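Subject: Structure for you to look at, with notes

Dear colleague,

Please find below the structure that I promised to pass on to you.

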Amino acid sequence: SILEVMAKTFPFSSDRSSVLQNVASQSHGYLSSDLKHICVEAALKFAASDNDESDTINLSHFEEALSNGRPANLSSQALGSNDKPLLRFSDVFGCSEQIEQVETAVLIPLENPRLLNNAGISFSGGVLLHGSSGNGKTFLATAIAGEASHLANFISIRCTDLVDKII
């Protein structure tokens with residue numbers, strides 16, 4: 001893995017693999033540059049610690065480094081908002097057919113990827129909501145994000161955000 005390569009010279013205890021697996025499980029959404037930063041921070045924490053106590057880097061060094069930052073693609077520099085959506089499907093009324101379609105297209109594949117694999121179906125990766133202004137697309141998308149917040153990232157963007165980045 002990327003972490004294995006970045007931390008190959010670190011003096012780990014015998015649980016090197018479990019430490020890196022734990023770090024990987026806590027670093028969803030991190031880019032390789034974010035992981036490099038985490039490794040550097042963990043090394044600095046280790047160097048600053050009392051080395052008489054332990055001469056190996058451990059999970060606590062990585063956890064301290066992870067607690068001091070967030071992934072670049074989820075930072076305020078990314079397009080749109082990075083706030084956790086507070087809406088759920090129970091907050092959306094009059095869209096039961098659309099909610100059912102979204103659950104089938106997005107939530108069920110995210111929650112049960114093995115079902116798709118066993119059936120030989122590939123996950124489409126998302127949905128495109130379209131319609132006239134004011135019909136609830138953003139409201140429904142925010143509810144989708146609220147339902148899937150433990151499984152996926154939600155980045156809300158406006159057309160003007162895209163145009164500004166492209167031009």
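I would like to begin with helix H7, in which Leu140, Ala141, Thr142, Ala143, Ile144, Ala145, Gly146 and Glu147 are buried. This helix, which runs over residues 137-147, is mostly covered, since eight of its 11 residues count as buried. If you look for what the buried residues of H7 pack against, you will find helix H5, residues 96-111. Please keep in mind throughout that this is a predicted model, and that the values here were computed from it.

Stepping back to the whole chain, the protein has eight helices and zero strands, so that reading along the sequence gives the pattern α-α-α-α-α-α-α-α. Of the 167 residues in the protein, 28% are buried, while the accessible surface comes to about 11,100 Å², with 53% of that area belonging to carbon and sulfur atoms. When contacts between residues at least 6 apart in sequence are considered, 64% of them join residues that are at least 24 apart.

Next comes the interior. In soluble globular proteins, nonpolar side chains tend to be buried together. Here the largest nonpolar core contains 17 residues, and the members that touch the most other members are Phe10, Phe12, Ile57 and Phe62. At least two residues of this core come from each of helix H2 (16-25), helix H3 (32-48) and helix H4 (59-67), and H3 gives the most, with five residues.

Finally, which residues form a nonpolar patch on the surface? They are Ile155, Ile157 and Leu162, which together have about 230 Å² of accessible area. Leu162 is found in helix H8, residues 159-166. Because its relative accessible area is 36%, Leu162 is classed as partly exposed, a class that lies between buried, under 20%, and exposed, over 50%.

With best wishes

Technical notes. Residues numbered from 1 in each chain as written. Predicted model: local features only at pLDDT ≥ 70, side-chain atom pairs only at ≥ 80, totals over all residues. Heavy atoms only, no water. Patch = residues over 30% accessible without salt bridge, like charges linked within 9 Å, V, L, I, M, F, W, Y side chains within 5 Å. Areas by Shrake-Rupley, 256 points an atom, 1.4 Å probe, with all protein chains shown as cover. Salt bridge = Lys/Arg side-chain N within 4 Å of Asp/Glu carboxyl O. Helix = DSSP H or I, 4+ residues; strand = E, 2+ residues; numbered from the N terminus. Buried < 20%, exposed > 50% of the residue type's maximum accessible area, 1.4 Å probe, protein only. Core = buried A, V, L, I, M, F, W, Y, C linked by side-chain atoms within 4.5 Å. Contact = heavy atoms within 4.5 Å.
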